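Morning, everyone. I have one structure to go through today, so let me put it on the screen.

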Amino acid sequence: MIKLILCGCSGQMGKVIIDQVNEMDNFKIVAGMDRSEEQNYDFPVFNDINDFDGEADAIIDFSNPSTLPKLLKYSTEKNVPLVVASTGYSYEEIKNIEEASKKVAILYSGNMSLGINVLLSLVKKAASALEGFDIEVIEKHHNKKVDSPSGTAYMIASAINEEFNNEKEFVYGRYGNDTKRQPKEIGIHAVRGGSIVGEHSVIFAGIDEIVEIKHTAMSKKIFAVGSINAAKFIADKEPRLYSMDDLFKEV
């Protein structure tokens, strides 16, 4: 039985994870962390996870960047592995995650789905093969998503940029009369509307031909299942920073 702490338990993703765990026999949520501290769950909920004094095997975080200091404090002091699935982190916050991973196992990913991680490998291969093609990343999400562009869009653009020795420059949207595309650009564009769960497209535009690679999430369930699998994977791992790619190598 893997005992989980769920951070962001009252949010949309938190509720989907609770539903998934309730259908499983080998996982149990032993505590939650949320600003609302709702108590209509069969586990205790805390505003500060450091108030929880029980035992846990892993933490799943689907909250927001403001909770990161509390999470890293608990994870490193209690030696409880952490799955960071929230997005919108600053450069400094990511550095804090990396530093904490020297003391405890942390899996950090802007997207928990299998399909997106397959897409990452595909776009890297396309980037190396399609020399001279212009590259644009377009992401679409629901109208309640607060960060923009999405963490997944950054993951995709960064994976592509690695193929160019990080020589490309990210350009976020375009506006005005002087926006001619430059050779070293990777365009990143965000669309917000309705109840779109998540859609990411990468366009490789060459002379007289276009290659497009796309992933569409049909429900939040894929992210919930991915994060639960990540928690299982990381529960017995040595301290370092892991990615979803590490998980898939063991599948």
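Predicted model: local features only at pLDDT ≥ 70, side-chain atom pairs only at ≥ 80, totals over all residues.

Start with the largest nonpolar core, which has 33 residues. The members touching the most other members are L4, I17, I60, F62, L107 and M112. Helix α6, residues 221–234, is among the elements that give two or more residues to this core, and with 7 residues α6 gives the most. The other elements giving two or more are β1 (2–7), α1 (12–22), β2 (27–33), β4 (58–61) and α7 (244–250).

Take F62 from that list. Leaving out residues up to four places away in sequence, F62 touches C7, G8, M13, I17, A85, S86, M112, F223 and S227. Another core lies apart from this one; it has 22 residues, including F52, L68, V80 and V84.

Next, the helix pair. Helix α4, residues 114–129, packs against α5, residues 151–162, at an angle of about 30 degrees, and the axes are 8 Å apart. The crossing is right-handed. On the α4 side the contact is made by I116, L119, L120, V123, K124 and A127; α5 supplies T152, M155, I156, A159, I160 and E162. By class, that contact has 9 nonpolar, 1 polar and 2 charged residues.

Last, R35. An unreviewed UniProt entry places the feature "binding site" there. R35 sits in the loop between β2 and β3. Is R35 buried or exposed? Its relative accessibility is 64%, so R35 counts as exposed, the cut-off being over 50%. Beyond its neighbours within four places in sequence, R35 is in contact with N47 and N64.

Technical notes
Residues numbered from 1 in each chain as written. Heavy atoms only, no water. Axes fitted to C-alpha atoms, helices over the stretch in contact; angles between N-to-C directions. Helix = DSSP H or I, 4+ residues; strand = E, 2+ residues; numbered from the N terminus. Left-handed = near helix turned anticlockwise from the far one by under 90°. Contact = heavy atoms within 4.5 Å. Nonpolar A, V, L, I, M, F, W, Y, C, P; charged D, E, K, R; others polar. Core = buried A, V, L, I, M, F, W, Y, C linked by side-chain atoms within 4.5 Å. Buried < 20%, exposed > 50% of the residue type's maximum accessible area, 1.4 Å probe, protein only. UniProt positions renumbered as here; feature names shortened; annotations may be inferred.
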